[in-house]
Each structure stands twice: as structure tokens, then as C-alpha cells.
Amino acid sequence: MPLRVAVVGAGFSGAVVARELAEAGHVIEVYESRDHVAGNCHTVRHDIGVMVHVYGPHIFHTQHERVWEYVQRFATFKPYRHRVRAMVGEKAYQMPMNLGLINAFFGKKFTPKEAEAFVASQADSTITDPKSFEEQGLRLVGRRLYEAFFAGYTRKQWGVDPKELPASILARLPLRFTDDDSYFNHPHQGIPEHGYTALVEAILDHPRITVHLSTRIPRARLAEFDHAFWSGPIDAYFNFEHGRLAYRTLDFKPEVVEGDFQGCPVVNYCDAQVPYTRITEHKHFAPWESHDKSVIYREYSRLCEEADTPYYPVRLVQEKEQLLKYVQLARKEKGVTFLGRLGTYRYLDMDVTIHEALNVADTAKSSIAQGKSIPAFVTDPLG
């Protein structure tokens with residue numbers, strides 16, 4: 001017998017679960033508080049014709065074959081390799097950190113082996129068990145590279161001294177001793193030809209799915225459904241009983257310019273005295289298109305307030321303690337599954353979001369078939 005299911009949130013998490021359960025024969029009502037689907041991946045055509053990533057750039061990259069095959073069911077993906085530059089002073093460097101950056105910054109002509117040995121000589125070998133972001137940076141690349149490319153940028157991005165941030169944020173620093181300046185190294189990379197919003201709209205285009213935009217469903221109403229999937233903020237579900245979880249948010253200052261502004265999609269501004277963290281130029285996210293004008297965003301990071309759009313979960317000691325309390329409450333709830341970036345209070349790339357949503361849907365279908373309850377979490381948010 002088909003279930004009547006509520007899905008809160010029409011980003012990738014909610015859309016994928018809705019589609020999978022609709023294809024399994026269930027009736028789905030999707031509730032989205034914004035006036036569009038796709039969450040922070042929302043894209044829209046600017047008046048000058050450029051496809052704009054409204055909430056900042058989103059690059060699709062994945063190693064998950066199932067995820068890559070899944071998204072291609074609903075959109076044509078154009079090949080795209082993301083490239084980033086970093087401004088230190090008046091000079092632009094390749095990012096992530098590679099042979100070209102090392103040679104340019106130190107004024108050398110190192111071979112790959114020489115560069116690797118040189119960076120190792122710069123690294124602080126006395127730090128064997130780094131506890132903070134700063135210690136991790138010093139251990140990996142040494143003070144000169146750390147101060148130039150990470151210290152100031154990180155203070156702007158997170159609003160705290162890097163000594164207060166966990167080492168895990170920098171644990172997987174890309175460091176290459178070749179001239180490869182492709183930002184990601186996953187086997188599958190691309191951007192949907194007509195943008196992410198069109199992709200999510202296609203996922204939600206099913207006769208058993210009804211989407212309600214600009215609609216907040218009261219928590220009490222979820223009891224009217226056989227099951228609910230909540231991809232909104234977990235603290236909001238519980239009416240902030242243990243306080244608001246902290247996020248960083250972004251402010252964008254858009255500008256239309258003639259021609260080509262910076263020649264690449266993203267330029268990071270590493271110096272602390274530059275108030276913005278980066279400038280994004282949106283036409284470069286669609287290199288298959290041609291535009292005489294361009295749209296740029298200057299991006300500023302700050303602590304998220306009540307009316308702001310949440311982007312990056314802070315997840316420091318206090319927030320992890322709050323999260324534990326909310327997870328304990330969630331596990332006592334009946335008939336609700338929490339998922340996604342906001343529902344589990346974790347930073348997730350798009351492909352991981354989709355991968356986990358598919359796992360949630362698989363678990364839900366299996367539980368329904370066996371007459372079991374669908375768990376509150378399929379992926380442990382505390383992990």
C-alpha cells in the first residue's frame with residue numbers, strides 16, 4: 001500500500017528522496033520555504049544572459065558512479081575543470097598548491113623532487129600531533145606558505161583565529177608537485193548545461209510528487225503523513241530548544257562588467273586586509289557559452305544570524321555539544337528521518353548529498369517492505 005510522505009526541503013536531499021520514493025509508488029508532498037527549488041545550488045539567467053550561481057559557485061565532481069549516472073538521467077552535463085587563482089599582495093598564484101605556485105612564490109625553478117624536498121624542509125617537523133588549523137598548516141607547508149595563503153583567508157572565512165579551528169579542516173590539503181592546476185581530481189566533473197535549478201526541477205517532475213514553494217509546513221502537520229523526511233535545519237525542527245546551531249553565511253556584492261573581468265571562475269584574496277574572501281566570475285562556469293558582458297560577485301563571510309541563509313556549519317566544541325542534544329531528541333522522534341546538510345549539520349558536497357539521499361531512500365524502501373520503522377538517521381551526524 002502506498003504511503004503518504006512529506007519531504008521538507010527541495011534541495012538535492014529532498015528532491016532525490018522524493019523522486020526515489022515516488023518511483024517506488026508512494027505519494028509525495030514536498031514543502032520548500034523559498035520560492036525556488038535547488039536550495040543553495042539555485043541558478044538563474046541574469047538579464048545579460050549569463051547563468052548565475054545565486055548562492056555562490058557550485059561545481060559538480062564525484063567519484064561515485066551511481067551518483068554520476070543518476071544526475072545524468074535528468075540533465076546534460078558539460079565538461080568543466082575548475083580552476084582557482086589566489087591573490088597574495090599584487091600577484092596571482094595557481095591553486096591548489098602545486099609546483100607552479102611553489103616556484104612562483106619562492107622565485108625558484110624546482111623540479112618536482114626538489115620542490116617536495118624544499119617544502120619538507122620548510123614544514124615544522126616538531127609538530128607531530130597537530131591540534132589546530134594553524135598547527136596543521138605549519139606541519140604541512142611551513143610558516144611562509146601558511147601565512148601567505150591560509151592564515152588571512154581563514155580568519156576572514158571563519159571569523160576566528162586559525163589557532164581556534166580544528167586541524168581536521170586542513171587535514172586534506174591538496175599539495176601537488178606537478179603543474180596540474182585542476183582544483184578537483186575526481187574522475188567525473190561537470191556542470192549541468194541549463195543550471196542546477198533545471199536539474200532539480202527535472203528530478204521533482206513526477207506525477208506522484210507535488211511541490212509547494214514559499215511554504216513552511218508546521219511540525220505538527222507532519223503527523224498527518226505516514227512518514228516525513230526533514231532536510232531543513234535540525235535545530236529549527238525542535239524550535240531551537242537547545243539554542244541555534246552556528247553557521248557562517250555569505251554576503252554577495254554583484255556587479256555587471258564589460259568583457260572579461262579576471263579570466264577565470266574564482267580568485268581567492270588571501271590577504272587579511274582585503275575585506276572579501278574571493279571574487280567569482282559566473283560566465284566562466286559555463287565556458288561553452290559566449291557573453292560580451294560578465295557578472296562578478298564579491299564574497300564576504302560572517303556569522304549567520306536568524307534571517308540569514310546558512311552555508312557552513314561551524315561545528316566547534318560548543319556546536320558539537322548542541323548537536324549531540326538535538327541528535328538525541330531526533331532519535332526519540334517517531335516517523336521522521338533527518339538528512340542533508342542542514343538536517344545533519346554537516347558540510348556536504350553536492351555529490352555526497354545525493355549519495356546519502358540515495359542511501360536514505362534505499363533504507364526507507366527496504367524498511368517499508370519489511371514493515372519496519374525508517375530510522376531517524378541513515379548517516380551518523382556525529383561521525
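Start with the contacts: among those in the chain with a separation of 6 or more, 72% come from residues 24 or more positions apart, a contact being heavy atoms within 4.5 Å. The model is predicted, so local features need pLDDT of at least 70 and side-chain atom pairs pLDDT 80 or more, while totals for chains, interfaces and linings use all residues. Residues are numbered from 1 along each chain as its sequence is written, and side-chain values use heavy atoms, with hydrogens and water left out.

The chain has 11 helices and 17 strands, taken as DSSP runs numbered from the N terminus (helices H or I, at least four residues; strands E, at least two). Its radius of gyration is 22 Å, close to the 21 Å from the globule rule for 383 residues, so the chain is as compact as a globular protein of that length; the radius is taken over C-alpha atoms, and the rule is 2.2 Å times the number of residues to the power 0.38. Of those 383 residues, 55% count as buried, meaning under 20% relative accessible area with a 1.4 Å probe, protein chains only.

Now for the open sheet: five strands run in the order S10-S2-S1-S11-S17 with parallel pairing, where pairing takes at least two DSSP bridges between two strands. Strand S10 (209–212) and strand S17 (336–338) sit at the edges, each pairing on one side only. On average, neighbouring strands are turned by 15° against each other, direction ignored. Strand S2 (residues 27–31) and S10 share four bridges in the parallel sense; Ile28 has Ile209 in S10 as its bridge partner. Helix H1 (residues 12–23) packs on the sheet, touching strand S1 (4–8), S2, S10 and strand S11 (227–230), and its direction makes about 165° with that of S2. Axes here are lines fitted to C-alpha atoms, for helices over the stretch in contact, with angles from 0 to 180 degrees between N-to-C directions.

As for rings, the structure holds 28 aromatic pairs (Phe, Tyr and Trp, the last by its six-membered ring, with centres within 6.5 Å; planes under 30 degrees apart are stacked, over 60 edge-to-face, the rest tilted). Tyr31 and Phe225 make an edge-to-face pair, 6.3 Å centre to centre with 80° between the planes. Tyr31 lies in strand S2 and Phe225 in the loop between S10 and S11, so this pair ties together parts 194 residues apart in sequence. Tyr31 is buried at 5% relative accessible area, and Phe225 is buried at 7%. Trp158 and Tyr312 form a tilted pair, 6.4 Å centre to centre and 50° between the planes; both are buried.

Conventions: Buried means under 20% relative accessible area, exposed over 50%, partly exposed in between (1.4 Å probe, protein chains only).
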